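The sequence and coordinates are shown first.

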Amino acid sequence: MTTNRQRMAKAARVYAAVERASATAGRQSVNRVANTVRSQAAKRTSAVYNLRQKTLRDAISIKGASKGDDTATVTLHIRAVPLTEFSPRVRMQTFKFTDSLGRKVNRRLPTVRLRIFRGGSARYIRPAFPLRQRYSGGLAAGDTIRRRTGSARGKLTSLRYYTFPNRFLRERLMPQLRDVVDDRLGIEFRAAHRNQLRRLRGN
C-alpha cells in the first residue's frame with residue numbers, strides 16, 4: 001500500500017526531474033539562438049558588404065551555455081577585415097608624372113580594384129603596389145596593398161584591412177540581432193522543453 005510519504009517522495013522526484021528538464025531546455029534554447037545569431041550576423045552583413053558568409057561566420061565565436069552558466073556569448077571579430085577578402089583584382093594602368101627635371105612622363109603602375117559594398121561601385125586604389133609584386137590577377141590571402149601618399153616619391157603606406165564603421169555595427173546590425181533573439185528565444189525554449197518532457201514520459 002502506497003503511503004503518503006512514498007507519494008510525496010515520488011512527487012519530489014518528478015518535480016526535480018521536471019526542473020532539470022526545464023534547465024536543460026533553457027540551455028539548449030540559448031545555444032540554438034546563439035547559433036542563429038551567428039548565421040544571421042553573417043547573412044545580414046554579407047547582404048551589405050561584398051564578403052562571403054563563410055568568411056563572416058568564421059570570424060564569429062560562440063561560448064555556449066553550460067551547467068552553472070545559462071548564458072551564451074556571441075563575439076563578432078569583424079571590426080576589421082583583410083582587403084583580400086573583398087576579391088580585389090590587380091591590373092596595370094598608365095599614370096602621368098612630372099620628373100625631377102619638370103618633364104611629363106608616363107609610367108605603367110599596378111592598380112587594385114575591389115568592391116566593398118554588395119552591388120555598389122568598384123573602388124580603386126591607385127597607384128598601388130602589392131607586397132608580393134603580383135601585378136595581375138587576384139591577390140592571395142595575407143597580401144598587403146601599398147600605395148604612395150602625396151607625390152610620386154611619397155612614402156609608401158600599407159593597406160591591409162577594411163574597418164567596419166561603428167554606425168553599421170551599432171546602429172544597424174546589433175538592433176537586428178537583438179530582434180532575432182527576441183523572436184527566436186521563446187520558440188526555441190518551447191520546442192526544447194517539449195522534447196525534454198517527452199523524454200521524461202518515455203522513461
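The sections below cover the elements, the surface, a helix pair and the core.

## Model and elements

The structure is a predicted model. The protein holds three helices and eleven strands. Read from the N terminus, the order of elements is α-α-β-β-β-β-β-β-β-β-β-β-β-α.

## Burial, surface and contacts

The protein has 203 residues, and 31% of them count as buried.

## The α1 and α3 pair

Helices α1 and α3 pack against each other at an angle of about 145°, and their axes lie 6 Å apart. The crossing of α1 past α3 is right-handed. In the contact of α1 with α3 there are 19 nonpolar residues, eleven polar ones and five charged ones.

## The largest nonpolar core

The largest nonpolar core comprises 26 residues. Those touching the most other members are Tyr49, Leu51, Phe86, Leu114, Tyr162, Phe164 and Phe168. Two or more residues of this core come from each of α1 (4–48), β5 (104–114) and α3 (166–202).

Which residues does Tyr49 touch, not counting residues up to four places away in sequence? The partners of Tyr49 are Ile116, Phe117, Arg118, Tyr162, Phe164, Pro165 and Phe168. Among these, Tyr162, Phe164 and Phe168 are also listed with Tyr49 as core residues that touch the most other members.

Methods
Residues are numbered from 1 along each chain as its sequence is written. This is a predicted model: local features need pLDDT of at least 70, side-chain atom pairs count only at pLDDT 80 or more; totals for chains, interfaces and linings use all residues. Side-chain values use heavy atoms; hydrogens and water are left out. A nonpolar core is a set of buried Ala, Val, Leu, Ile, Met, Phe, Trp, Tyr and Cys residues joined through side-chain atoms within 4.5 Å. Buried means under 20% relative accessible area, exposed over 50%, partly exposed in between (1.4 Å probe, protein chains only). Helices (H or I, at least four residues) and strands (E, at least two) are DSSP runs, numbered from the N terminus. Contact means heavy atoms within 4.5 Å. Axes are lines fitted to C-alpha atoms, for helices over the stretch in contact, and angles run from 0 to 180 degrees between N-to-C directions. A crossing is left-handed if the near helix is turned anticlockwise from the far one by less than a right angle, and right-handed if clockwise. Ala, Val, Leu, Ile, Met, Phe, Trp, Tyr, Cys and Pro count as nonpolar, Asp, Glu, Lys and Arg as charged, and the others, Gly among them, as polar.
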